[in-house]
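Me: I want to know what stands behind the labels used for this model. Let us take them one by one.

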Amino acid sequence: MALKEAVRRKLDEFRPRTTRLAKEYGKVKIDEVTIEQCIGGARDIRCLVTDISYLDPQEGIRFRGKTIPETFAALPKAPGSEYPTVESFWYFLLTGEVPTQAQVDEVLVDWKKRQEVPGYVFDIIRAMPRDSHPMTMLSTGIGAMQRESKFAAYYTSGSFNKLGAWEYVYEDACDIVARIPVLAAFIYNLKYRDDAPLAIDPALDMGANFARMIGQGDEYMDVARMYFILHSDHESGNVSAHATHLVHSALSDPYLSYAAGLNGLAGPLHGRANQEVLDWTLKFQKKYCSNEEPTRELITKALWDTLNSGQVIPGYGHAVLRKTDPRYTSQREFCQKHLPGDPLFKLVSMIFEVAPGVLAEHGKTKNPWPNVDAQSGVIQWHYGVKEWDFYTVLFGVGRALGCMANLTWDRGLGYAIERPKSVTTSMLEKWAAEG
Ligand code: CMX
């Protein structure tokens, strides 16, 4: 497989750099830690390494050094589409190289071989109450599939070798990214389409096949491709990426690790915010606009009501970003091109005009601008995926790409078990008194 050989080559190039940094420059300081950071969620402390993506507070995300528009422009496109295939993006994330069409085709064929989800996983999910949250089902499905882990089997084989371990993580990573769309589509069909059978089309790329599997038409294929790529990676410190990395650092296999990442993604301050955005927007329509068109004044009132009741405005703010999220902008441009007259898009655009001003006046958040979650639900809603508790599952399918590329590199570079040091409140008080 050319992709695996390309990853091997890249890792061989990188390893001496990591080894040299740790050995020769290990004591060079790159940050300091304050009490505020200790209490405040380790915000901004530079203590993680990843080469898969980098998040600049002003500019937003770069995947392997490329902005979102550069990434979309550079990668081979799906036939007849303006968006790259997820398969080409996977090659790019893992290697940093733009693949040729032949290399993309090889990934496509490889994923088709890997995508079969074992029947017992479906049985386990079917046994769950039908009103379980779909993220619980997804995380259960990934956790249950751990039985298939090639890394876990290798670890217990008696011939475990630190240098070769990445190859088994790579195998699990490829299996997971190939299987997770099938698992997600199964959950969607089970919950919302009367357990409709999965219509897997072996000729289609991942995004197109996902559209088919959930009963969507051709126009949804680019939505899926764009969505999965945009949600893939946001450097290493966010909850889902960090949880996945942390759990794997104990040599838990990629299934156990990504189940942990998904459980973090399910939180309302993280991935679930996209569900909350739709919920907030529809409740706003019902409560404030039953007899009248939405106006900036009504939106302002609703935003203040939310803030005054002690809740956050979902889809706004970010722990790192200090400008509008380019993932928001990319989806907004998609809406402007494909659904400019959609009433929900118009309403979300009106919220975009008002919310940053309200949040700035409120004065708490460091970033009053929208993040990825403020725009994503509108597109899904427009194309008929109206079950908004499913939106975080879509996020989880995309995020698997970033998390699995990172785990492959974590193991390839032999990163250590993660174990930061904790202190007590009395210690903090002592240091505070000492200045
Ligand atoms: N609405 C109201 N208050 C907000 C806010 C928002 N959208 N964003 C931040 N704040 C508040 C925080 O709750 C915090 O208040 P307290 O001091 O009372 O605790 C204060 O502003 C300072 O927070 P911050 O430093 O600006 O932001 P954090 O790094 O602590 O949190 C985030 C970041 C994303 C959790 C926060 O902005 C938020 O809750 N946003 C809404 C939920 C959301 O959209 N999450 C999705 C993020 C993207 C993703 O991961 O998918």
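Reply: Helices are DSSP runs of H or I with at least four residues, strands are runs of E with at least two, and both are numbered from the N terminus. Helix α9 is followed by Asp194, whose phi is positive, near 55 degrees. The model is predicted: local features need pLDDT of at least 70, side-chain atom pairs count only at pLDDT 80 or more, and totals for chains, interfaces and linings use all residues. Residues are numbered from 1 along each chain as its sequence is written.

Me: How many helices and strands does the chain have?
Reply: The chain has 20 helices and two strands.

Me: How do you know what span α9 should have?
Reply: The expected span is 1.5 Å times one less than the number of residues. For the 28 residues of α9 (165-192) that gives 40 Å, and the end C-alpha atoms are 40 Å apart, so the two agree.

Me: What makes α9 bent, and where?
Reply: A bend is the angle between axes fitted to the seven residues ending at a residue and the seven starting there. At Arg179 the angle is about 35 degrees, and Pro181 follows within four residues.

Me: Why is α9 called largely enclosed?
Reply: Buried means 20 or more other C-beta atoms within 10 Å of a residue's own; 12 or fewer is exposed, in between is partly exposed, and C-beta atoms are placed from the backbone. In α9, 22 of the 28 residues are buried, so the rest of the structure largely encloses this helix.

Me: Why is Leu303 called buried?
Reply: Leu303 has 22 other C-beta atoms within 10 Å, so it counts as buried. The residue lies in helix α15 (296-308).

Me: Which residues does Leu303 contact, leaving aside neighbours within four places in sequence?
Reply: Contact means C-beta atoms, placed from the backbone, within 7 Å. Leu303 is in contact with Ile313, Val354, Ala355 and Val358.

Me: How do you know that the radius of gyration fits a compact globule?
Reply: The radius is taken over C-alpha atoms, and the globule rule is 2.2 Å times the number of residues to the power 0.38. For 435 residues the rule gives near 22 Å; the chain has 22 Å, so the values agree.

Terms used: Two residues are in contact if their C-beta atoms, placed from the backbone, lie within 7 Å.
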